[in-house]
Amino acid sequence: MTENTIYMGVNAPKIHQRIIGQLMMRLGMLFYIEKRIPYEPFPETMIDESQTSPTPDILLFDNEKRQNKVIIEVSGNTGARRDFEKVKTLVEEYGVPEGFVYNYDTEKWMKYRLGEGEDARRPSYIDSIGVDLNDLLQ
């Protein structure tokens with residue numbers, strides 16, 4: 001390596017990747033195998049493919065209507081609140097019906113609904129498909 005090498009990386013510890021992997025696997029099973037949910041799960045996919053745009057950890061996409069339906073971020077204590085603010089902004093700015101943040105340090109979920117705000121009643125439940133994200137991590 002030379003002295004001018006630029007190191008690039010992301011803050012993605014193994015636990016972060018493990019949670020994303022579990023959610024992707026189980027959401028993928030529900031979509032691809034069991035055909036129980038109508039939205040396809042994508043990891044690290046741009047919200048707006050027509051331009052450079054944010055890439056949530058997981059995006060559930062309605063291929064038929066060509067619409068983003070759910071975004072999910074995975075974080076630890078140090079980034080959970082900041083990620084929730086990001087999710088709120090993305091939900092409102094891009095018209096995504098539901099956004100979630102999972103804090104793996106506390107094992108708690110936060111949920112934000114378009115036009116309604118934070119939903120503390122069922123913070124891990126995806127209303128549009130009737131799936132509790134927390135059950136996918138068990």
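**View 1. Strands β2 and β3 of the predicted model.** Strand β2 (residues 58–62) and strand β3 (residues 67–75) run antiparallel and are joined by five bridges. Leu-59 has Ile-71 in β3 as its bridge partner. Strands are DSSP runs of E of at least two residues, and helices are runs of H or I of at least four, numbered from the N terminus. This is a predicted model, in which local features need pLDDT of at least 70, side-chain atom pairs count only at pLDDT 80 or more, and totals for chains, interfaces and linings use all residues. Residues are numbered from 1 along each chain as its sequence is written, and side-chain values use heavy atoms, without hydrogens and water.

**View 2. The open sheet.** Six strands form an open sheet in the order β1-β2-β3-β4-β5-β6, with mixed pairing (two strands pair if DSSP finds at least two bridges between them). Its edge strands, β1 (40–43) and β6 (117–118), each pair on one side only. Strands of a sheet pair through backbone hydrogen bonds, either parallel or antiparallel.

View 3. Asn-103 belongs to strand β4 (residues 98–103). Asn-103 counts as buried because its relative accessibility is 7%, where buried means under 20% relative accessible area (1.4 Å probe, protein chains only). A polar atom of the Asn-103 side chain lies 3.2 Å from the backbone nitrogen of Thr-106. Apart from neighbours within four places in sequence, Asn-103 is in contact (heavy atoms within 4.5 Å) with Ser-75, Gly-76, Asn-77, Ala-80 and Lys-108.

Key. Buried < 20%, exposed > 50% of the residue type's maximum accessible area, 1.4 Å probe, protein only. Polar contact = N/O pair within 3.5 Å; in protein donor to acceptor, adjacent residues only side chain to side chain.
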